Amino acid sequence: MTLQVSITPELAQAPLVTFGFDSFEVRLVSVMRHFVTAANAPGSQAWHRGFVIAAENWGETHGLAVAHALWPVVREVLALRQGDFAFNDPLDLDTRDLLTADEAQFIAMLHHMRRDETGKARDAVDALTRGQMDPDLIRAGLSFADRFPSGARHRLRGTPSLRVVQ
């Protein structure tokens with residue numbers, strides 16, 4: 001699957017559905033927004049809400065693993081961008097289904113990493129970090145992508161598959 005909308009810095013807000021992200025990636029948006037809120041206002045305890053939403057989306061075991069693996073990616077982006085990351089308030093119903101250019105680029109980076117699209121992932125990292133190909137961010141993103149890949153490999157790692165034995 002390729003992204004349907006070109007992500008440019010001039011893109012102030014765009015409907016989430018126009019990007020072609022899969023349902024897993026769409027559900028990451030809210031968790032990511034809560035983590036960015038927590039980083040910008042540590043006393044807000046928004047990180048807690050991010051973990052709760054992840055558990056609601058994917059079940060406690062998998063959801064908490066998703067949130068735990070997503071946090072380092074968010075942390076590295078915010079450190080590289082020195083907090084200069086445009087995001088929508090996770091509690092604002094009017095912007096729930098819209099993405100800022102920064103949010104779209106963040107999810108696009110994970111989108112391409114989850115599909116092992118190296119060139120596109122490299123371009124997404126470059127755009128997201130404004131030219132800083134930081135190994136810590138790349139490592140965090142690839143770790144997330146390895147744990148939660150897309151497509152046929154989408155089954156969460158370490159999850160036993162159940163089958164009937166006769």
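Colleague: So, which residues lie nearest the centre of the largest pocket?

Modeller: First off, this is a predicted model. Nearest the centre of the largest pocket you'll find Ser 30, Arg 33, Ile 53, Pro 90 and Arg 96, and the lining has 16 residues in total.

Colleague: How much space lies in there?

Modeller: The largest pocket holds about 280 Å³ of space.

Colleague: And which element gives the most to the lining?

Modeller: That's α1, with six residues. The elements giving two or more residues to this lining are α1 and α2.

Colleague: What about the classes, how many nonpolar, polar and charged residues does the lining have?

Modeller: Seven of the lining residues are charged, six are nonpolar and three are polar.

Colleague: OK, switching to packing. At what angle do α1 and α2 pack?

Modeller: Helix α1 covers residues 23-40 and helix α2 covers residues 46-58; they pack at about 165°, and their axes are 7 Å apart. Angles over 145 degrees count as roughly antiparallel, so α1 is roughly antiparallel to α2.

Colleague: Is that crossing left-handed or right-handed?

Modeller: Left-handed, as α1 passes α2.

Colleague: Which residues make the contact?

Modeller: There's a list on each side. From α1 it includes Phe 24, Leu 28, Ser 30, Val 31 and Phe 35, and from α2 it includes Trp 47, Phe 51, Ile 53 and Trp 58. Counting the whole contact of α1 with α2 by class, eleven residues are nonpolar, five polar and two charged.

Colleague: So which of those also turn up near the pocket's centre?

Modeller: Ser 30 and Ile 53 are among the residues nearest the centre of the largest pocket, and they also belong to the α1 and α2 contact.

Colleague: Nice. Now α3 and α4, how far apart are their axes?

Modeller: Their axes are 12 Å apart, with α3 being residues 60-80, and the packing angle is about 130°. The two are therefore oblique to each other. Their crossing is right-handed.

Colleague: What makes that contact?

Modeller: Leu 70, Val 73, Val 74 and Val 77 of α3 meet Phe 106, Met 109 and Leu 110 of α4. By class, that's seven nonpolar residues, with no polar and no charged ones.

Colleague: Last one: how do α4 and α6 pack?

Modeller: Helix α4 is residues 101-114 and helix α6 is residues 135-147; the angle is about 60° and the axes are 9 Å apart. That makes α4 oblique to α6, and the crossing is right-handed.

Colleague: Which α4 residues are involved there?

Modeller: Met 109, Leu 110, Met 113 and Arg 114, and they meet α6 residues including Leu 137, Ile 138, Gly 141 and Phe 144. The contact of α4 with α6 divides into eight nonpolar, one polar and one charged. Notice that Met 109 and Leu 110 meet α6 here, and are also in the contact with α3.

How values were computed
Residues numbered from 1 in each chain as written. Predicted model: local features only at pLDDT ≥ 70, side-chain atom pairs only at ≥ 80, totals over all residues. Heavy atoms only, no water. Axes fitted to C-alpha atoms, helices over the stretch in contact; angles between N-to-C directions. Helix = DSSP H or I, 4+ residues; strand = E, 2+ residues; numbered from the N terminus. Parallel < 35°, antiparallel > 145°, perpendicular 65-115°, else oblique. Left-handed = near helix turned anticlockwise from the far one by under 90°. Contact = heavy atoms within 4.5 Å. Nonpolar A, V, L, I, M, F, W, Y, C, P; charged D, E, K, R; others polar. 1 Å grid on protein atoms, 1.4 Å probe; cavity = no way out; pocket = protein on both sides within 12 Å on 5 of 7 lines; lining within 4 Å. Points joined across faces, edges and corners; volume = space filled by probe spheres on them.
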